[in-house]
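Subject: Structure for your review: cavities and pockets

Dear colleague,

Please find below the structure that I am handing over to you.

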Amino acid sequence: MPAERYTDVSIKMSEFLLKITGLSRTTNSAEEIRRKLTIVYTIVALVYGVYVNVVDIYHNMDNLDHCIFLASNTLNIVLAMFKLSVINFYKTEFSDMIVYAQKHFWHFNYDDNDKILFAECGRFCKLWTVFLFFVTQTALSFYAVVPISANIGNNNSERLLPFKMWVNLPLTVTPYYEIMFAIELLAVQQIGASYICPDNFLCVLNLHVVYQFRMLQNTLVNLWSNIDERTDIVEYSNKCYVMLKKCIRKHQSLIEFSAKLDDIYTLPILSHMVIFSVLMCFDTYEVILADVSPGTRLIFFFHMIGSFTHIIFFTYICNGLVEESTNISTASYSGWWTILPMTETGRKIRKDTRIMIMKSMRPCYLSAGGFFPVTLETSTAVCSNFFLLIPFTLKMTFWNPVRYVTVFCP
């Protein structure tokens, strides 16, 4: 009988984001058709976003503040396009990972000790998903708030859109203005979902893998019961060997799952690490130095908060994957396998345990393009690069104290 499937806010939100971006797993032809239509809609929204920002940059080359705002938007869109393209390329492997997680991770068939760890994992995932959704929606909402507040008191011929369209159409006249306003907001929402969808699912999935390694450690530690003079040592060895083989199979499956996760996400992780420092410099400039509206300043403020939190949280759980996969060796060594008799079963237990310990000495990890494993040190290095790029950014903006005062004290 299959285990009952578990679900919570983080899993539901991840599945919803996968569905609206066209990355969800399909089980029949109707779902596949809807998925393809969703992919087409996502591609149209992303291409439309790049087109609008690039054309606006071309027409505002003399306005540095506005160009940086548009360049930051373009980088975010291009980054989302690249992540979605890579995951679509590994569509089969990605669907297999979802099925594996649903079958082996998201269920209620755990013992009492594992249920405590599973509940802790669920709380972390819920907290992360709710925070990410709140920050993203808050930042995106200002794309609508800024033009609405700017249009207060203006006549119909001066109404502003979230993004200016350089076309010879009466876009300030009703109903064309309302239609274009809705189209741009729908595109913004789809771009935002495409941007956070791969990262959110990766963090949730990776955190569950970390706690699966913790559960395996508990199983290995509790594998050996007490031995006294009444214990049938031969029967005891046979029972331990049966349980040890289950642990070995689970360990192998977790290693394989981590390797598949790294194969799919290694390039998206690298792209995010490379672009992060540049985006943070743009965000810092728009928040502190640029002569822009308060709404635009808040867009970049919440984007900066979300990006920093994402890097720290993501590197934290990646570091947890390295540590917990390595701790399997300690849990394996701490058993009583060394005092078992040298029977055939006893020799097999010793051999398999030694192999498991040696296998654990090479930890599982997620890498950035295969160049380096992602750990907590990665967030330190990326943030250091960001702070090193700030003086360069300030030099390019020709910043002066008078402008700084006018930004914060108009």
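In what follows, Ala, Val, Leu, Ile, Met, Phe, Trp, Tyr, Cys and Pro count as nonpolar, Asp, Glu, Lys and Arg count as charged, and the others, Gly among them, count as polar. On that basis, the lining of the largest cavity has 17 nonpolar, twelve polar and two charged residues. Please note that this is a predicted model.

The largest cavity

The largest cavity has a volume of about 570 Å³. Two or more residues of its lining come from each of helix 2 (29–59), helix 3, helix 5, helix 6 (176–221) and helix 8. Helix 6 provides the largest share of this lining, with eight residues. In total, 31 residues line the largest cavity, and N76, L140, G192, Y195 and H303 lie nearest its centre.

The second largest cavity

The count of cavities of 30 Å³ or more comes to four. The second largest cavity has a volume of about 70 Å³. Its lining is formed by K83, D199, L202, Y265, P268, I269, H272, M273, H310, I311 and F314. By class, these residues divide into seven nonpolar, two polar and two charged. At least two lining residues are supplied by each of helix 6, helix 7 (233–289) and helix 8. Helix 7 gives the most to the lining of the second largest cavity, namely five residues.

The second largest pocket

A pocket differs from a cavity in being an open set of points, whereas from a cavity the probe cannot get out. The second largest pocket holds about 580 Å³ of space. Of the 27 residues that line this pocket, H66, L160, L161, P162 and K164 are the closest to its centre. Helix 3 (64–89), helix 5 (112–150) and helix 8 (294–333) each contribute at least two residues to the lining of the second largest pocket. The largest share, five residues, comes from helix 5. By class, the lining of this pocket comprises 16 nonpolar, six polar and five charged residues.

Taking the linings together, helix 8 supplies at least two residues to the second largest pocket, gives two or more to the largest cavity, and supplies at least two to the second largest cavity. Helix 6 gives the largest share of the lining of the largest cavity, while helix 7 gives the most to that of the second largest cavity.

With kind regards

How values were computed
Residues are numbered from 1 along each chain as its sequence is written. This is a predicted model: local features need pLDDT of at least 70, side-chain atom pairs count only at pLDDT 80 or more; totals for chains, interfaces and linings use all residues. Side-chain values use heavy atoms; hydrogens and water are left out. On a 1 Å grid over the protein atoms alone, a cavity is a set of points where a 1.4 Å probe fits but cannot get out, and a pocket is an open set with protein on both sides within 12 Å along at least five of seven lines; lining residues have an atom within 4 Å of a point. Grid points are joined across faces, edges and corners, and a volume is the space filled by probe spheres set on the points. Helices (H or I, at least four residues) and strands (E, at least two) are DSSP runs, numbered from the N terminus.
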